[in-house]
Amino acid sequence: KVDGFTLGRFMTRVALMDTISVNSWPRLIIVTLSVEMSPTGIDILKGVKSEAKRIGLDPDQSISMNTEENISTDQTGLGVTAVGLVHEDELRIGRTQPNDSLVIIGEPKVGDEVIQAEKEGKIADLQDLVRLIQLDFIHDLIPVDTQGIAYEARMIAHMVGRQVEFYNNIKMD
């Protein structure tokens with residue numbers, strides 16, 4: 001369990017990272033709340049706005065939101081969608097090349113570990129991603145989700161007709 005602000009921040013971060021990682025700059029954040037606006041929705045929205053500001057978006061111009069006012073709710077539900085724009089020739093999907101290296105930024109964390117790891121700077125954030133996307137020698141950026149690093153690495157290699165090879169001495173799952 002986390003507070004509404006934290007929920008809003010991390011859910012928004014996931015959507016923004018997925019958008020930015022393909023070099024698409026977010027223009028709109030759609031927030032679908034399955035809770036009432038006050039008090040729960042207000043706290044979540046503060047977290048959403050906080051992440052939007054981290055990449056220079058004006059929350060008053062870039063967030064569209066719906067809440068559940070007609071039915072009382074017992075649990076929190078939230079969906080966040082980021083919509084971005086990119087020219088097709090600048091899209092960063094499937095640019096990995098044979099003999100590229102796989103580099104992991106941050107440490108994998110799950111559940112309650114995520115909150116503490118962020119305080120300690122051990123997980124990647126939006127600023128990290130924005131800096132990385134500007135580097136020409138980085139071909140693909142993949143925010144790792146619940147399927148894990150190996151899955152994402154295999155997917156990226158498969159997209160370019162290759163296989164990934166892991167070294168035996170990696171001390172990470």
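Helix α2 is followed by G56, which has a positive phi, near 85°. Helices here are DSSP runs of H or I with at least four residues, strands are runs of E with at least two, and both are numbered from the N terminus. The model is predicted: local features need pLDDT of at least 70, side-chain atom pairs count only at pLDDT 80 or more, and totals for chains, interfaces and linings use all residues. Residues are numbered from 1 along each chain as its sequence is written, and side-chain values use heavy atoms, with hydrogens and water left out.

Within α2 (residues 37-54), the buried residues are G41, I44, L45, G47, V48, S50, E51 and A52 (buried: under 20% relative accessible area, 1.4 Å probe, protein chains only). Their cover includes the helices α1 (4-20) and α5 (126-133) as well as the strands β1 (25-33), β2 (63-66) and β3 (78-85).

Two of these covering elements, α1 and α5, also pair with each other: their axes come within 10 Å and cross at roughly 0° (axes are lines fitted to C-alpha atoms over the stretch in contact, with angles from 0 to 180 degrees between N-to-C directions). Therefore α1 is roughly parallel to α5, a term for angles under 35 degrees. R13, L16, M17 and I20 of α1 meet L126, L129, V130 and I133 of α5, where contact means heavy atoms within 4.5 Å.

Helix α6 (residues 149-159) gives the largest share of the lining of the second largest pocket, four residues.

Notes:
Buried < 20%, exposed > 50% of the residue type's maximum accessible area, 1.4 Å probe, protein only. Parallel < 35°, antiparallel > 145°, perpendicular 65-115°, else oblique.
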